[in-house]
Amino acid sequence: MTETIRWTAAETASAIADGKVTAVEVAQAHLDRIEAVDAKVHAYLHVDADGALAAARAVDDARARGDRLGPLAGVPLALKDVFTTKGVPTTCGSRMLEGWRPPYDATVTRRLKDAGVVILGKTNMDEFAMGSSTENSAYGPTGNPWDTTKVPGGSGGGSAAAIASFQAPLAIGTDTGGSIRQPAALTGTVGVKPTYGGVSRYGLVAFSSSLDQGGPCARTVLDAALLHEAIAGHDPLDSTSIDAPVPNVVEAARSGSVRGLRVGVVKEFAGEGYQAGVLARFAEAVELLRELGAEIVEISCPNFTYAMPAYYLIAPSEASSNLARFDAMRYGLRVGDDGEHSAEEVMSLTREAGFGAEVKRRIMLGTYALSSGYYDAYYGQAQKVRTLITRDFEAAFGQVDVLVSPTTPTTAFPIGERADDPMAMYLADLCTIPSNLAGNAAMSLPCGLADEDGLPVGLQIIAPAMADDRLYRVGAAVEAGYLARWGAPLLDRAPAL
Amino acid sequence: MPGITREEVAHLARLSRLELGAEELDHLAAQLDDIIGAVARVAEVAADDIPPTSHPLPLTNVMRPDVVRPGLTPEEALSGAPAAEEQRFRVPRILGEE
């Protein structure tokens, strides 16, 4: 059964549909893998073995009845702990929600279940998705499967690490400033931030509502496309969900090509702060695109350098408002309810005890940016920068079909290195943030290992809003190019756990 | 360059309903000062004639017919509450002593 865990999602689904293996056997193989290695990685916060095996049995029963199975039926998946799961703990990596079992499923959760996907458990994450390393989880950090002393990125470090350590072939993440793409880059996996509004946010515990976007994590571009298709599409329960057909991402992933495509290299994503090994692998990726038939054009997006300051005003502002719901009254933690303290005091005591340092930092920053006298200077100005960044993208996509850049300025850094230096930590999302501010689609896929440390480097592809299929067309071509060059997937070079 | 004082941080903590300790206040004041100094750069480029963008999508209100439909049962709605009584959330006292 060892090889089962190394199958892609597409291979797994096909093997189940053909009766070569049962869904229960596949689920059990992954549960065994989790049992064997997760103590080293800590990708999962909660493993739902009973639920997973029951879901797998349902798929096997459906097959036995001769029912038509969906393209991902029986494939195991790890779900970021920010999505509600009925009756299954959902903590958002926070003490504030420790032990909470939601009474309803998120739309993403519901669609996964309807597709016959087997949810293995909930993955570790930075508390309320705030962070770039998964060190801000109240339940302890996740290790990078390439080197467990290094971070796997964040906030979806658990999801990316589960994929990279073969504890699941698929995972779901959320990307507010890069939380799917940055962990994908740091773990040598594929991560996609769909167009904002492309995947429902209903049941996704909100961090920054105008930026949050759920999306797929996988080991191959095709697997990501299959998962994208399963979760995307209009949802009447989410007023920000786009009511338009989902681009055909699966077909794009199956017919990958860049011949004749104009690819823009973003000039601003290089220079000081970028690791030499990252820039070297990125230069090779651009060369590969050229060899595959793309036309390379240098593009300047001058306002991208202001994206990070704008993000660290907008996201905390929205977070300070969204996290006001954690008031110790209706769900979650309650501290100081001893008859001596008023409701207001209980709220303050609870929030002090329940939130970690990064969450408090951002709530305070957001409260400051929104406060009277500072609103125009900070929040208002940041919203104008958002306009400028959107205009930069519009101008760029007038000249090229997609943009490319390194996904992150550096490879995975040691756990603890940036823990008490927020500004250094915030730099990890330098290249990913502009797409969140503008709402367009972006992907990260592996483009090799840095010479200095032997750790994965990510290539970011950015497409206009609603052109998610373009990411998959380019990503699949690049992936095939690398596979021909390397002879095997990059993850085959990861050390055994 | 803006500066943020310890007193301002204490005020923000009250507004944010966070009961911060003295040490935490000192630590946060220094960090917030650094961060606010860095993010103040947004003022460099955002001129008066640039309209703000608050959301990547044009938002419209979504309505549905005003008809009764199944929702959570009272037991489900109260299932995560720290305290409940007679099918209601039980909360600490709201009024002060005086």
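Me: What is the area buried between chain A and chain B, and what share of this area do carbon and sulfur atoms give?

Reply: In this predicted model, with residues numbered from 1 along each chain, chains lettered from A and ligands numbered from 1 as written, the area buried between chain A and chain B is about 5,100 Å². Buried area here is the accessible area (1.4 Å probe) that two parts lose on being put together, summed over both. Carbon and sulfur atoms give 66% of the value for chains A and B. A:Tyr306, A:Met364 and A:Lys384 supply 14% of what chain A buries against chain B, more than any other three residues.

Me: How many residues of chain A are in contact with chain B?

Reply: There are 65 such residues in chain A, and they meet 54 residues of chain B; contact means heavy atoms within 4.5 Å. Local features need pLDDT of at least 70 and side-chain atom pairs pLDDT 80 or more, totals for chains, interfaces and linings use all residues, and side-chain values use heavy atoms without hydrogens or water.

Me: Which residues carry the UniProt feature "active site", and what makes them gather at one spot?

Reply: The unreviewed UniProt entry places the feature at A:Lys80, A:Ser155 and A:Ser179; such annotations may be inferred rather than shown by experiment, feature names are shortened, and positions follow the numbering used here. The three residues span 100 residues in sequence, yet no two of their C-alpha atoms are more than 10.9 Å apart, so they gather at one spot.

Me: Why does A:Lys80 count as buried?

Reply: Buried means under 20% relative accessible area, exposed over 50%, and partly exposed in between (1.4 Å probe, protein chains only). A:Lys80 has 0% relative accessibility and therefore counts as buried. This residue lies in strand S2 (residues 76-80) of chain A; helices (H or I, at least four residues) and strands (E, at least two) are DSSP runs numbered from the N terminus. Leaving out residues up to four places away in sequence, A:Lys80 touches residues including A:Ser155, A:Thr174 and A:Ser179.

Me: What makes a polar contact with the side chain of A:Ser155?

Reply: The partner is the side chain of A:Lys80, at 2.7 Å. A polar contact is a pair of N or O atoms within 3.5 Å; within protein, one must be able to donate a hydrogen and the other to accept it, and residues adjacent in sequence count only if both atoms are side-chain atoms. The value of 2.7 Å is within that limit, so the pair qualifies. A:Ser155 is also buried, at 0% relative accessibility, and is joined to A:Gly154 by a cis peptide bond with omega of about 5°.

Me: Why is the aromatic pair of A:Phe269 and A:Phe304 called tilted?

Reply: A search of the whole structure finds 16 aromatic pairs over all chains. In the pair of A:Phe269 and A:Phe304, the centres are 5.6 Å apart and the planes 35° apart. Rings of Phe, Tyr and Trp (its six-membered ring) pair if their centres lie within 6.5 Å; planes under 30 degrees apart count as stacked, over 60 as edge-to-face and the rest as tilted. The angle of 35° belongs to the rest, so the pair is tilted. These two residues are 35 residues apart in the chain. A:Phe269 counts as buried at 5% relative accessibility, and A:Phe304 at 3%.

Me: Why is the pair of A:Phe304 and A:Phe393 tilted?

Reply: The ring centres of A:Phe304 and A:Phe393 are 4.8 Å apart and the planes stand at 50°, so this pair is tilted. A:Phe393 lies in helix H13 (residues 376-397), 89 residues from A:Phe304. Both residues are buried.

Me: Where does A:Arg6 lie?

Reply: A:Arg6 lies over the face of A:Phe166, at 4.0 Å from the ring centre. A charge sits over a ring if NZ of Lys or CZ of Arg is within 6 Å of the ring centre and within 35 degrees of the ring normal. A:Arg493 lies likewise over the face of A:Trp486, at 5.3 Å from the ring centre.

Me: Is A:His42 buried or partly exposed?

Reply: A:His42 is partly exposed, because its relative accessible area is 22%. A:His42 has a positive phi of about 60° although it is not a glycine. A:Ala328 likewise has a positive phi, near 70°, but A:Ala328 is buried, with a relative accessible area of 1%.
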